[in-house]
Each structure stands twice: as structure tokens, then as C-alpha cells.
Amino acid sequence: MSPRSACDACLARSWLLARLSGHLDVVRKQVPDLLQLGDEDLIAEVAGNDKAAVRSELEAFRAEEYMTRCIEAGLELICRCDPVYPGSLWSLPGEPAVLHVAGGMSRFLKFADAHLVAIIGARRASPYALENARSLARRVASEIVTVVSGMATGVDSAAHEGALDSTGHTIAVLPSAPQRPYPAAARSLHRRILTTGVAISELGPDVPVRRWMFPARNRIIAALCAMTVVVAARERSGALTTAMIALKLKRELGAVPGQITSPLAWGPHQLIKGGARLVTEPADILIPAFGMAPPRQWIPPYPVVAPGLQLLFDALADGLDPPQAFEEAGLDAADGLAALAELELDGHIRRQPGGRFSVVMGGT
């Protein structure tokens, strides 16, 4: 079977998930377990009064028409019956029947055959969390290590951006049709990803995004990757769902610590208490996940700045706002603003909403 083909039974399964989408949304908390069921059992479990109609439509399903829609959308398909289907996904009790790939099947198969690490976290994330995600991805992504995330606003997008900034590899696992960005505001990032990376989903074109698709997507991220790293997560974050799946699959799990008073640090700190690896630098990922030394000389986590700017840089790195940082560095307002401008022009700090600044770790 060609990597660009998929068998009729697997295509029908993909269609069935889309057909049952509204029903699955009602029972979304049970989705990981429901996806383990065969077609008939899944219909019986969730279709309710639509059982007869769904069975009839499934019998009338035409694989050729489905393939035509995928081709028109620019998608390539690989099903679980294909010998080059990613072996890591077989660890899932309900592995995706079909992966729909935007950006090129050959590129996806190359990435999937390499070292994959997930960098994930909160959508509403702090500048500290975003910079951590961006820096880790930038310093890990390479020819032999691919960064995987979900392209959500916040940490996920920052991870993809970091990988792309380093000209490394990245895979976006989307909740629905991968040829379109989700969220829609991420159009430019989606275009960047498809230029050198790929976007994948177990669902095909013309399927609206629903809430059940996010835990379903999370299980794919966890299964694909040798290690999942949670950068920031509140108590009920979807990133923690991914982390729990990774644990069940006996994958490596890491977490980036944060300020103990921050709700965003709750998830990583709980994971670390439970045995997850504390992640502060690339070696904390590469050694436990792949048993490898850094593939290139790593940029120090913080840049070397001019001696006259170091105190101000350190104060900003500690999370102080500019007036507090000026006082800590012994600068008046005029000298402080001039020093801020110099640090920003040198690429050592990044301006954030509200007049605050975050430091740029691991180089620009």
C-alpha cells in the first residue's frame, strides 16, 4: 500500500467520527475510551436516536468521494493498515484510523521516524512561559529532533515559532482539518509551519471544530512523542490531560518550573512533585528522552550583555517592571529608558503589552 493511500475501512472510520461529532461532544470526557470501540459499538454507544440513520449512511459511504475531497483540500492520507504508519501511535488503544497530512507526506514520515518531543502548555500564558517555550523549542529543534505541539494560542504557538526560528522541524497536531489553521487567527503561523513542517489530524476536510476533538488530539501528541514537556498549565489545563496520557503510555514527562504564586505554575509543579523531570535546559529533554548529548553547541540560556546593562537585565529577568528594575539597577528614569532601548535593540529583551518586558533566553 502506498503511503499516500488509505483503505476503505479506515476512511469509513474517519468519516464516522465526523458524522458522530455532535454526539461525541456530549460525552467528550469519555472520548479517549470511546475511541477504542469498533464502528458498530461506537454507533450503539453514542448515536442515540440516530443509530439507524448512521448505520445506513455508513453502509452507503463511498471512499472514492472522500479521497477526492481530501485531494481537493491538498491533503495526503496514511491509514493504520500502512506499513509506514507511525509505530508510536500503535501504543494507543484507539489509534487514529487515518492521519490527514498537510505539508507533505514524505516530510511527515521523515519527521515521524526521527526524535519527537512535545512542548505544550496554557493558551493564556505569561511572557515568562512563552519565552520558555520559544527558547526550549529553538534550542532543541534540529535535523534530528522535531518539536510537536497543538498550534493553540499561547505556549503551543510559541513552541512552533521557536522551532521555526531555529530552522528546525515542527509538527502541528490539529483538532480538525489540517489544511486550515486553528485557531483562525494563527493563519500566518500555519503558513510558516507548512513551508518547512507539517500539520496533521485524524479528521479530514469540512469538519467543524468541536470540544471533543481537543482531548482526542492530545492523545496523538502524547503518543507520537518520546517526551512531553509542560511549560505552563493551570489546574484544569488540557496540557495536563496530554501529560497524563503520556504517563499512561510510559513516555518521558517533563515540566518547566514557574513562580510558586502563579496559577500557571500549578500544573508543572504538581507534575514535578509526581516524578516528572524538572526541565530548565535542552539536556533535560535530550538525555532522558533520547540518550543523546546536545546535537550542537548550545547557546547559554541567558545572553551575555554589556557590563553596564547587566544589573538592569537581571532585574527584568527576575520579573520586575521597568520602574522597579531601574531602582534595582541604580538608574534614574532617563538612563533606565536608554538602557532598555539598548537591550531591546540588541535583542536581549522583548516588549510586552502593558509596558513590561521579558528577557529573550537562548539568543534571538
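**Notebook: sheet, helices and ring pairs**

I began with strand β5 and found that the bridge partner of S149 there is A172. The model is predicted, so I keep in mind that local features need pLDDT of at least 70 and side-chain atom pairs count only at pLDDT 80 or more, while totals for chains, interfaces and linings use all residues. Residues are numbered from 1 along each chain as its sequence is written, and side-chain values use heavy atoms, with hydrogens and water left out.

**Entry on the sheet**

I looked up the strand order and noted an open sheet of nine strands, β1-β2-β6-β5-β4-β3-β7-β8-β9, with mixed pairing. Here two strands pair if DSSP finds at least two bridges between them, and helices (H or I, at least four residues) and strands (E, at least two) are DSSP runs numbered from the N terminus. The edges are held by β1 (76-79) and β9 (277-278), each with a single partner strand, so one side of each has no neighbour in the sheet.

For contact I use heavy atoms within 4.5 Å, and for angles I use axes that are lines fitted to C-alpha atoms, for helices over the stretch in contact, with values from 0 to 180 degrees between N-to-C directions.

Which residues of β5 point each way? I find H169, I171 and V173 on one side and T170 and A172 on the other, all of them buried. Buried means under 20% relative accessible area, exposed over 50% and partly exposed in between, with a 1.4 Å probe and protein chains only. Because five of the five residues of β5 are buried, the strand is largely enclosed by the rest of the structure.

I repeated the look-up on β7, where M227 and V229 point one way and T228 and V230 the other, again all buried. Strand β7 runs parallel to β3, with four bridges joining the two, and the bridge partner of A118 in β7 is T228. With β8, β7 also pairs in the parallel sense over four bridges, and V229 stands opposite G254 in β8. Helix α13 (residues 266-273) lies across β7, β8 (252-255) and β9, running at about 130 degrees to β8.

**Entry on helix α8**

Is α8 mostly covered or mostly open? I count it as mostly covered, with 11 of its 14 residues buried; among them are E131, N132, R134, R138 and R139. The buried residues of α8 pack against β3 (115-120), β4 (145-149), α9 (155-165), α14 (283-290), β10 (349-351) and β11 (357-359). At 1.5 Å a residue, helix α8 (residues 127-140) should span 20 Å, and its end C-alpha atoms are 20 Å apart, which agrees; the expected span is 1.5 Å times one less than the number of residues.

**Entry on aromatic rings**

I searched the whole structure for aromatic pairs and found four. The rings of Y85 and W90 have centres 5.6 Å apart and planes at 65 degrees, so that pair is edge-to-face. Rings of Phe, Tyr and Trp (its six-membered ring) pair if their centres lie within 6.5 Å, and planes under 30 degrees apart count as stacked, over 60 as edge-to-face and the rest as tilted. Y85 is buried at 4% relative accessible area, whereas W90 counts as partly exposed at 45% relative accessibility.

Y182 and F214 form a tilted pair, 5.7 Å centre to centre with 55 degrees between the planes. This pair links distant parts of the chain, 32 residues apart: Y182 is in the loop between β5 (169-173) and α10 (187-196), and F214 is in helix α11 (residues 213-224). I note Y182 as partly exposed at 34% relative accessibility and F214 as buried, with a relative accessible area of 16%. Elsewhere, ring pairs link W15, F61 and Y66 into a cluster.

**Entry on the whole chain**

Of the contacts with a separation of 6 or more, 71% are between residues 24 or more positions apart. The C-alpha trace spans about 75 × 35 × 35 Å along its principal axes.
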